[in-house]
Amino acid sequence: MQLTEHVRHNHVALAGAVLFAAFVLAAALAPLLAPHDPWAHFKPFLLPSTMHLLGTDDVGRDILSELVTGARVSLSVGLFSGALAVSFGVLVGLLAGFRRGRLDELLMGLTDVVLVIPALPLVILVSVYLGPGLWHTVLILGLVFWPSTARVVRSQVLSVRQSGYVEAARALGAGDGWLMRRHVLPNVLPLVLAKFVLTVAAAMLMEASLSFLGLGDPLAKSWGMMLHYAFARGGFINELWWWYLPPGLCIGLCIFALTLVSFGIEERSDPRLRRALDR
Amino acid sequence: MAAETSAVPAQRHEHPSATLASRAARYLAALFIIVSLNFLLPRLMPGDPLMNLVGEEGYYAAGGALDELRSELGLDEPLPVQYGRYLRGLLSGDWGYSYLYLRPVRDAIALHLRWTLALVLPSIIIAALLAAVLGGLAAWRRGSRTDIGLSAGNLLVYAMPHYWLAMLLLFVFSFRLGWFPLGRATSGGATDLPYLLDVGWHMLLPLVVITAFKATYDFLIVRNSVVSILGEDYVLMAQAKGLSAASVLFRHVLRNALAPLVTVTAIQFGMVLSGALLVEVVFSWPGMGTLIYDAIGARDYPLLQAAFLIIAVCVLLANFIADVLYPLLDPRTR
């Protein structure tokens, strides 16, 4: 039982990693894979054909080429905002867990407040004021998604600090910096990795939602932007499903892949969960 | 949408001495920060604060009288004075004027908020029940085909953008099959029972999407907590007493698994509400989502600010209610 569970879950995580890697590869090779220039104009509203596998949109752009190029935008916004949010969260979590006291209370109070603020309406409001732009989106999402990482890192730091081997090391004269490198970071890293994967997924979904509402960057069309145009410019009403189904499916498959990966990491690193599964 | 996609929600930061009063103080602090944010954003963000405050339509409607409007809104006064003014206005219900809806922002919000709540509140309850049954079943028969099938199906629905699922359902059931209306909340004209039936008919598809959206989160939580509860001694005891499987599952296991669901529902209330906003846009449901969508298009900033504020207040309230309810559900914390 124990062995089969473990193997099965690793397979699941591996499948997720492979699927996500395929999207990353497609994004990297976008100029080679896209059959046409994504900005070139053909006849509008062409039906899918061998020339245009997914037809063309309202201004005559090849939808498949937009889809492949859109992978770059969606994935990079997700990865950059994920990296920003997680770095910030790790910093706050380490500070709060290590310094304790007043600073801890202040930082965790702030974390609680940010966690309770509904993200989408706030992000909408800020994006409307800042105007469209990929870096704006990355910055805003980075500032919204750090708290859960901070929380996890802090509690991990606290539990590591209280463990016997750290007490012993401290008694032998180990300083904060050494403890951090030697004992805390190795314990925190798998959790941070899992959080990063989930944050990338959350950021990709949020970027898609924002773009769907019309707040995306028209000069760097993401999958969410494609959904927006398909919805707002008649692709949806006119049942041109080859226009709006593929970008949504791509977003969903990326989230699916990332979730599988995070399950794998979490199970490997959280012995409580592993035990619960082994029962 | 998802602020928290984590399958296992982060535990709340709990001080040992956390009482209801101190939680309330925490929410008030959060409210203060949210209100201050709402005050500062239009004044600190790029662009003319006047434009940021009244929206594009309002700005151009003022014509040559911009300076008068500026001093009428107190924008030439120092920030602390403006803040006092802003708070007084907020409390007395003066939330600005919407040039998009040609009525006070407060009225526009009141008109739309109820339609959103009418969609979200039933969805949350149905989703919790659905997840309790399916999640309990999957955990009870963990490792079986039922479990793998349910978990995989759940994960797929969870991963897809739910407003995209909404488009898919609308395409299949309304456009192609014609079983449901193309959107909006009523066909108009009817009253009383026919009116309610009409609204229900319009509501069904959006309700299904939001319920599925919320249930996929709940499913993972119920499944995980049931799996860990199944290892507890009192479950073994109940089985040893010879109780039936159903009795053990429903009376001993699910009861304990549901308490965390209340907390999670509160934590995720903002997320579900936000998710509903996007679904509303697809179905042209006349709630806050459609209001926000239209306000973005018209750059009606006062409306967007008020929408953010009122949704944040709803989320804070939901969290506070959950704090009150939790001890009733989990006797250990009484």
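# Exercises on a predicted two-chain model

Buried residues make up 48% of the 279 residues in chain A, where a residue is buried if 20 or more other C-beta atoms, placed from the backbone, lie within 10 Å of its own, exposed if 12 or fewer, and partly exposed in between. The structure is a predicted model, in which local features need pLDDT of at least 70 and side-chain atom pairs count only at pLDDT 80 or more, while totals for chains, interfaces and linings use all residues. Residues are numbered from 1 along each chain as its sequence is written, and chains are lettered from A and ligands numbered from 1 in the order in which they are written.

## Exercise 1

Describe the make-up of chain A and of chain B.

**Solution.** 
1. Chain A has 12 helices and zero strands, with helices (H or I, at least four residues) and strands (E, at least two) taken as DSSP runs numbered from the N terminus.
2. Chain B has 13 helices and two strands, and buried residues form 42% of its 334 residues.
3. The C-alpha trace of chain A spans about 75 × 50 × 30 Å along its principal axes, whereas the C-alpha atoms of chain B fill a box of roughly 85 × 55 × 40 Å.
4. Of the contacts in chain A with a separation of 6 or more, 70% join residues 24 or more positions apart, two residues being in contact if their C-beta atoms, placed from the backbone, lie within 7 Å; in chain B the corresponding share is 73%.

## Exercise 2

Characterise the side of chain B that touches chain A.

**Solution.** 
1. In the interface, 51 residues of chain B are in contact with 45 residues of chain A.
2. Several helices of chain B each supply at least two residues to this side, among them helix 1 (20-44), helix 8 (192-229) and helix 12 (288-298).
3. Helix 13 of chain B gives the most, with 10 residues.
4. By type, the residues on this side of chain B are 37 nonpolar, 12 polar and two charged, where Ala, Val, Leu, Ile, Met, Phe, Trp, Tyr, Cys and Pro count as nonpolar, Asp, Glu, Lys and Arg as charged, and the others, Gly among them, as polar.

## Exercise 3

**Solution.** 
1. Eight of the 11 residues of helix 12 of chain B are buried, including Leu291(B), Ile292(B) and Ala295(B).
2. Their cover includes helix 5 (119-130) of chain A together with helix 5 (105-140), helix 11 and helix 13 of chain B.
3. Leu304(B) touches Ile292(B) and Ala295(B), and also Ile124(A), Leu125(A) and Val128(A), not counting residues up to four places away in sequence.

## Exercise 4

Identify the parts of the model that call for caution.

**Solution.** 
1. Chain A averages a pLDDT (the predictor's confidence in each residue, from 0 to 100) of 86, and chain B averages 83.
2. Within chain A, confidence is lowest in helix 12 (residues 271-278), at a mean of 45, and highest in helix 6 (residues 134-144), at 93.
3. In chain B, pLDDT stays under 50 over residues 1-17.
4. Where pLDDT is low, the predicted coordinates should not be read in detail.
5. The model scores ipTM 0.85 and pTM 0.87.
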